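Could you walk me through the main features of this fold?

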Amino acid sequence: GDSIDLALIEMAEQFGYNPILIQKNNPEKMELAFDTESKMMTTVNINEEGFNTYTKGAFENVIQHCNTIIKDGKIEEFKNKENWFKTVDKLAAQGLRILAFATKKTNKKPELKNLLDNLSFIGLIAFIDPPREDVKSTILTYKNAGIKVVMITGDHQETAKKVAQEIGLLNAHVNTDEVIHGKNLPNLNTLSDDQTKNLLKASVFARVTPKQKLNLITFYQKNKNIVGMLGDGVNDVPALKKADIGIAMGIRGTEAAKEAADIILMDDKFTTTELAIKQGRAIFQNIRQFVVYLLSSNLAEIISVGIAALANLPSPLLPLQILFLNLITDIFPALALGLGKGEKDIMELPPRKSDEPIMTRKLWYSTIIYGLAITVAVLGITIYSNYVLELPTEEINNMAFFTLIFAQLLNVFNLPKRHLSFFNNEVTRNLWVWGAIVLCIILVIAAYVTPPIAKALSIGFLSFDKLKLILLFGFGSLVLAQFIKRAGGTI
C-alpha cells in the first residue's frame, strides 16, 4: 500500500490499536478519493453509534472546513487557528511532511454536497521522509554539467524549502520567498520578461497541482529547455507525456505512470538518472569519435591517391589494397572507439544544443587536419622513395601502403580533445583500442608473410631500413597532427 498509510497503521499499532479490528467494526460506506486540487481525502464509516466522517489532507485545506476542535475528548469552538498555522510552519521548517485530520458524527449518512461541512479538527501528524544521502552529490554533479534541477511538489512551502536545502538545491540562508507557492504562480501564458526570468531562475515550487506542473513543463519547453520529468502517480501522467523525457518509478510508480513514461527506473533512485545521462553523453561522444576517425582516414586515402595521380607518382594504393585497408583500419579501431566509457570530465561539460549536428564545423576542421596529416606522411614517403631512394614502383607502393596503415592506426590517438593529456585520456585508457591495434598489426603481419595473400595485395619483401622509414613517417603523421592540435588548430 501507500507508504504514508502504512506508516499511520504502524503508528496506530504502536499505540495499542488494532487497525484490522477497527476496520471490521467500522465498515466504509462512502469514499471521496484524494484530489490534487482539494489535497484531501474523506471516508464515511458506519458503526453502532451512527455515521462517522473522517478527513485527512493538507492542513490549510482541511482547516477551512473545521469550525470546532476536539480537545480532551470534547468538541469545542475552534478559536486558535492562527496558533495552529504557526505550529505547522515550525514543523514544516524542519523538513517534516504534515497531515491534518478532522471528523464529524451524524445520525444518518451524509450527502456528498455537505460531506465536508462542520468538521471537527482532530490534530496533526508530522513525519519525516528524508532524501537519500547520495541525492546531494547528484544535484552538485548536475549543476556542474549545466543541468538545472527543479523540485515541483505538493508539499508545504516550508517543507519543500527545508528538503531543497538538505539536498543542495537551495542555499541554507534563502528566504521562503524563493520557494514559489502554487497559489502565487502567475498565468504562464501572459508573463512579462522579468516574470519569465524569475521563473526560470526558481528551483522549488510548492503546493503545485498537476495542471500547474503540466503548465510549467510547457513553459520550460517554450523557453528552449529540454525537460526530463520524474513522476510516479496517476496525476503525473499528463506531465510525463508532455515532457521530452518522461521518467517513471519502477517500484512505487503506478502502472499508468509507467505506461506514459519513456524511461522506467527499476530502482527508483534519482541518482540513476545521473548514470543514464553520463552514459548518453559517452555514447554520443563515441559516435563523434567514430565518425571523425573514419572520415579522416578515408579522406587521407582519397587525397593521397588523387595527388599521386596528378603528380605522376606511383600510386600509394591499389584496388585490392584499398579493400584490405578498409577491412583492417576501418572496422576494428572504429568498433573499439564505440566501446569507450567517456572522459572523466564528461559530466562537467555544458549540455549541447538539441539541434547540434553530430559533425560540427570544428569537428570538420579536425577531420580535414587529421586526414591531411596522414596524407603528408603517405605522400612524403612516396616522394622520398621515388626521388631519393629511387625504388621500383612496387616497393614505393608498399612503402606508402604500410605507412598509410600505420598512420591510420595511430590516428585514434588524435581524437581526444585538446585540453586532455595525450598520454592519459579516454582513448588511451580504452583497452579495446589497444586490443584492436594489436589485432590489426597481427593481421597485417599475417598478410605480409602469407604468400597467396601477399601476392594478391602486390606486397613484396621490405628490408629493415625500409620498415624503419615506414615507422618514421607513420609517427610523423601523428606528431604533425598533435602539433597542429596543441597549437589550437583542432578541438
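This is a predicted model: local features need pLDDT of at least 70, side-chain atom pairs count only at pLDDT 80 or more; totals for chains, interfaces and linings use all residues.

Helix 14 covers residues 361-388, and helix 18 covers residues 464-486. The two pack at an angle of about 150 degrees, and their axes are 9 Å apart.

Who touches whom? From helix 14 come Ile369, Tyr370, Ala373, Ile374, Val376, Ala377, Gly380, Ile381 and Tyr384. Helix 18 meets them with Leu469, Ile470, Phe473, Ser477, Leu480, Ala481, Ile484 and Lys485. Sorted by type, the residues of this contact come out as 14 nonpolar, two polar and one charged.

## Ser366 in helix 14

Helix 14 also holds Ser366. Is Ser366 buried or exposed? Its relative accessible area is 2%, so it falls under the 20% cut-off and is buried. Setting aside neighbours within four places in sequence, Ser366 is in contact with Thr490 and Ile491.

Strand 12, residues 245-249, pairs with strand 13 in the parallel sense over three bridges. Met249 has Leu265 of strand 13 as its bridge partner.

## Strand 4 and its two partners

Strand 4 (66-71) pairs with strand 7 (residues 119-128) in the parallel sense, over three bridges. Strand 4 also runs antiparallel to strand 5, joined by four bridges. Ile69 takes part in both pairings: its bridge partner in strand 7 is Phe121, and its bridge partner in strand 5 is Glu76.

## Two aspartates with a positive phi

Most residues other than glycine have a negative phi. Asp72 has a positive phi of about 55 degrees although it is not a glycine. Where does Asp72 sit? It lies in the loop between strand 4 and strand 5 (74-77), and the hairpin of those strands has two residues between them. With 75% relative accessibility, over the 50% cut-off, Asp72 counts as exposed.

Asp268 is another residue other than glycine with a positive phi, near 60 degrees. Its place is the loop between strand 13 and helix 11 (271-310). Is Asp268 buried or exposed? Its relative accessibility is 6%, so it counts as buried, whereas Asp72 counts as exposed.

## Cysteines

How many disulfides does a search of the whole structure find? The count is zero. If you're thinking about the cysteines themselves, here are two of them. Cys66 has a relative accessibility of 2%, so it counts as buried. Cys440 is at 0% relative accessibility and therefore counts as buried too.

Notes:
Residues are numbered from 1 along each chain as its sequence is written. Side-chain values use heavy atoms; hydrogens and water are left out. Two strands pair if DSSP finds at least two bridges between them. A disulfide is a pair of cysteine sulfur atoms within 2.5 Å. Buried means under 20% relative accessible area, exposed over 50%, partly exposed in between (1.4 Å probe, protein chains only). Contact means heavy atoms within 4.5 Å. Axes are lines fitted to C-alpha atoms, for helices over the stretch in contact, and angles run from 0 to 180 degrees between N-to-C directions. Ala, Val, Leu, Ile, Met, Phe, Trp, Tyr, Cys and Pro count as nonpolar, Asp, Glu, Lys and Arg as charged, and the others, Gly among them, as polar.
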